Amino acid sequence: MSETHADATPRRQFLKYAAGVLSVTVAPSVLLHTFATAESSEPVSAQRRWGLLIDTSKCANCSACVTACQQENGLSSEVNDTVAQWIRKVELQQPDTGKVTSLPMLCQHCQQPPCVDVCPTGASFQRADGIVLVDKHICIGCRYCMMACPYKARSFIHEPLTEQKAHAPRGKGTVESCTLCVHRVDAGELPACVSACGESGNKAMLFGDLNDANSPIAQRLKTEASTALRADLRLQPNVRYQGI
Amino acid sequence: MATRTLWLVGLGLLGLLAGMAVLFNSSNADEASTGNSPYFSPAGLPNAKAMVSATQACVEPLEVIRRQHGQLMQHQRDDTVHQGIRGSQHSLKGCINCHVTPNAQGQTLSIHDDPQHFCSVCHQFAAVKIDCFQCHASTPE
């Protein structure tokens, strides 16, 4: 009798804990969905600011995010000097201690984006909700933005393309970069890299609204330490990292 | 002399009547094929999959869509790219999804492979070179 009692208590605790974890993981996507589908025909507003938090201590030898991005946006998976990369895995090594960190590197969707500052035509722009995009109808392919970006997040398309995805038009002579899967975000879904990281990766990525104080990402940023890459440049990226 | 003039006048009148009959017939045929539209409609256009309503074939009346589809799509494009307004009816994706249908062999070919592609039929006739499909998909999702 006492044996079964002793067994039951930790199990109950585990169930409680599991329910808590489940609600934290499920709730944001549900909330996101109800929010955005209602307003998809409305212009995006500055009330929301989309952000991404990447926990590098969980990120390891896995490239689920990169593969998901390539599939979602119709990017080539081959590796050569001119291939477009919207997200790539990067390894950092601490020179003093030799500690190696693996992290996904993508457009940091800066609040003060240098690519937008230098664009001569206005093709490089920031949406009201903080997503930095290229309007390829206006882009003349000068590549100033590629020079200006300290994260090397942008790619130029050198060759004619075929078989593009309907939601991700891409073409020769224009610059492109991570769109934070704007077509999915507008439909109330998570970016492809984030959902792949959650499903088949190490659950290192958290996406959400930084302006909503109750969102999981805002809560975590408030309570835990995080870093902006190249914080010295004061670009205030909406993508932040933990564990580096 | 007088009979000759009469003959000539009679022949002229006949010719006039025949011409009017031909004109009348062709304008009737135009109306039948394009729904009261005075604009030219090339033969062999692929049919859209469905009507928007019982009385309207496309998202705008045919006169409007034929004259202004470029402006409508361009306006929608700027709204979508810059402000994230989606789900409006004047998107290029909407045109493609509805109008690009499989050919006689059951294949849905891109505009680069198919001279009878919905968009290329008229643009070829009007000698308009469009660059939409250097970037955008020309087949339905």
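Which residue forms a salt bridge with Asp186(A), and how far apart are the closest N and O atoms? In this predicted model, in which local features need pLDDT of at least 70, side-chain atom pairs count only at pLDDT 80 or more, and totals for chains, interfaces and linings use all residues, the partner is Arg86(B), with 2.7 Å between the closest N and O atoms. Residues are numbered from 1 along each chain as its sequence is written, chains are lettered from A and ligands numbered from 1 in the order in which they are written, and side-chain values use heavy atoms, with hydrogens and water left out.

One salt bridge (a side-chain nitrogen of Lys or Arg within 4 Å of a carboxyl oxygen of Asp or Glu) is counted between chain A and chain B. Seven residue pairs, both members at pLDDT 80 or more, are in polar contact across the two chains; the term denotes a pair of N or O atoms within 3.5 Å, where within protein one must be able to donate a hydrogen and the other to accept it, and residues adjacent in sequence count only if both atoms are side-chain atoms. On the side of chain A that touches chain B, helix α5 (residues 182–186) gives the most, with three residues. Helices (H or I, at least four residues) and strands (E, at least two) are DSSP runs, numbered from the N terminus. The contact (heavy atoms within 4.5 Å) takes 22 residues from chain A and 14 residues from chain B. About 1600 Å² is buried between the chains, 54% of it on carbon and sulfur atoms; this is the accessible area (1.4 Å probe) that two parts lose on being put together, summed over both.

Within chain A, strand β3 (residues 100–106) is largely enclosed by the rest of the structure, because six of its seven residues are buried, that is, under 20% relative accessible area (1.4 Å probe, protein chains only). Strand β2 (residues 87–93) of chain A runs antiparallel to β3(A) and is joined to it by seven bridges; pairing requires at least two DSSP bridges. Ile87(A) stands opposite Leu106(A). Six residues lie between the strands of this hairpin, in which Gly98(A) takes a positive phi near 80°.

Chain B contains four helices and zero strands. Of its 141 residues, 20% are buried. Leu92(B), located in helix α3 (residues 92–99), counts as buried because its relative accessibility is 17%. Beyond its neighbours within four places in sequence, Leu92(B) contacts Met73(B), Cys132(B), Phe133(B) and His136(B). Leu92(B) and Cys132(B) are 40 residues apart in sequence, with their C-alpha atoms 8.9 Å apart.

Conventions:
Buried means under 20% relative accessible area, exposed over 50%, partly exposed in between (1.4 Å probe, protein chains only).
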